[in-house]
Amino acid sequence: MKDLKKYFETGVTLDVSWRRTQLQALIRMVEENEDALARALHQDLGKTPQEAWLTEIGFVVHEARFVLRHLARWTKKRRVRTPAFLCPASSGVRPMPRGEVLIISPWNYPIQLTLSPLVAALAAGNVVVIKPSEYAPATSEWLARSLPRYLDAQAVEVVQGGPDETSALLKRPFDLIFFTGSAQTARHIARAAAEHLTPTVLELGGKSPCVVAHTQHLRTAARRIAFAKFTNAGQTCVAPDYLLVEPTLKTAFVEHLTQAIVEMFGPENAPVRMARIVNRRHFDRLSALFGHGESVLFGGHRDADALLIAPTLMSVEPSHPVMSEEIFGPLLPILELDSTDPIADALRRISDHPSPLAAYLFSDEAADLRAFDGLLCGGFAHNDALMHLANVHLPFGGVATSGHGASHGFAGFHAFSHWRAELDQSAVVDPDLRYPPYSGRDLRTLKWLM
Ligand code: NAD
């Protein structure tokens, strides 16, 4: 185990040019190894090279370039106003690195969800321990081999392993833990962090609803939903988890959805451009969601040896087991809304679940959009799904059980920084007014100044 903290204390990471060099090296590392990375992602999850580039490799390069472009401005001290009673002082806020931070990442986007927080951590001047997921072993191995070759090896360490290794790691007094994964594991992380009063960013999941009502653009809605749901075989934290559809639209919408799935992923029950389920445990978990009275409208085929589940649309009742936990797989339950006021019904049903990581509304009505203003969710997209996370200008994060804190772009830099408050006072001017004993006149003046 390296002593990263000692290296941090030398002050080398405070230098913005050091941070710039690390980010440039990270971009070079990803670009020079595109093929090796695509192979590792295919080995771990069966991702196609195109999907690997769009959702992982290209995503990280785009984010790192964005951060590099803004680094000089973000790292500057920001001046803020100073109230009259403190004059002639000046005040400002300086972003400082937090110190030694831990990034724990999941298996579903093992490059994006490891390197995107790493970009933010390095930009903010931290030294970083990375714990990738044991369920994406080829990618983890690649990260462990490549990161010390390209980045400052005294500032970045990769620790491989599962819960045991992570539990051992969590005994160390980190200055921030950035965790992406399930709410269940997050509880272990938060408990361990509490021992050292370590702050956390928790990027979790949940049941992200998708509402289709009052729209004439069914084909567009179907294509966007099919892409968001079945990319990476539904193993995406912000994939639409379940569909709430206005009854009069259901038949036509399901037709568009099946057509979109076939166009994007291949024939029904024989998809050819589809990622696989990560392992047997998750395959069995998803298989157990079949056979509870649902009506399968499309797909349903499962191949345990190949760990493949075809994109599946199923009509269900709210009491079906598929509606109890985050699905995290290529099963899309469809529920019919009340036809008299589908939007009010949708909001009522969404509130039956904890606050989700994302919510989606496909509707042509401005009033429907306004009705969603009060919905507490991590992120929201109107007439789209998933794509809010591709906008590096938007913070990405959850609320309540879908997480706390945010990442991406400036939000990531913000999370990995300590915002030091600074007051610079003159030593020459020292009015008696600020010290006791206070006369009635002093107090009147202070009240006026404040
Ligand atoms: P997970 O919680 O099982 O694992 C995440 C990480 O925690 C892994 O590195 C794992 O090794 C470690 N871990 C697992 N059990 C542990 C324990 N008992 N103690 C300490 N460490 C432990 O999550 P997962 O299955 O890899 O990912 C799926 C979940 O992640 C889903 O809920 C999904 O919604 C969520 N997710 C969220 C985001 C986001 O950005 N909000 C992104 C991707 C996935």
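A word on the source. This is a predicted model, where local features need pLDDT of at least 70, side-chain atom pairs count only at pLDDT 80 or more, and totals for chains, interfaces and linings use all residues. Residues are numbered from 1 along each chain as its sequence is written, and side-chain values use heavy atoms, with hydrogens and water left out.

So, what surrounds the ligand? There are 26 residues around the ligand. A residue is near if one of its heavy atoms lies within 4 Å. The closest are Glu134, Ser182, Thr185, Leu204 and Glu326. By type, the shell has twelve nonpolar, ten polar and four charged residues. Here Ala, Val, Leu, Ile, Met, Phe, Trp, Tyr, Cys and Pro count as nonpolar, Asp, Glu, Lys and Arg as charged, and the others, Gly among them, as polar.

Now the polar contacts, meaning pairs of N or O atoms within 3.5 Å. An N or O atom in the side chain of Glu134 is 2.6 Å from a ligand oxygen. For Ser182, a polar side-chain atom lies 2.7 Å from an oxygen of the ligand. At Glu203, a polar backbone atom is 3.5 Å from a ligand nitrogen. Taken alone, the ligand exposes 840 Å², and the protein buries 91% of that. These areas come from the Shrake-Rupley method with a 1.4 Å probe.

Where does the ligand lie? Domain 1 (4–204 + 398–422) and domain 2 (209–390) both give residues to its shell, so the ligand lies between them. The domain bounds come from an automatic or database assignment.

Next, helix H5, residues 112–123. Helices are DSSP runs of H or I, at least four residues; strands are runs of E, at least two; both are numbered from the N terminus. Expected span is 1.5 Å times one less than the number of residues. For the twelve residues of H5 that gives 16 Å, and the end C-alpha atoms are 16 Å apart, which agrees. Twelve of its twelve residues are buried. Buried means under 20% relative accessible area, exposed over 50%, partly exposed in between (1.4 Å probe, protein chains only). Just after H5, Gly125 has a positive phi of about 85°.

In helix H2 (16–32), the buried residues include Trp18, Leu23 and Ile27.

Last, the backbone. Asn232 has a positive phi near 55°, and at 0% relative accessibility Asn232 is buried. Ala400 also has a positive phi, about 55°, but Ala400 is exposed at 56%.

Methods: Polar contact = N/O pair within 3.5 Å; in protein donor to acceptor, adjacent residues only side chain to side chain.
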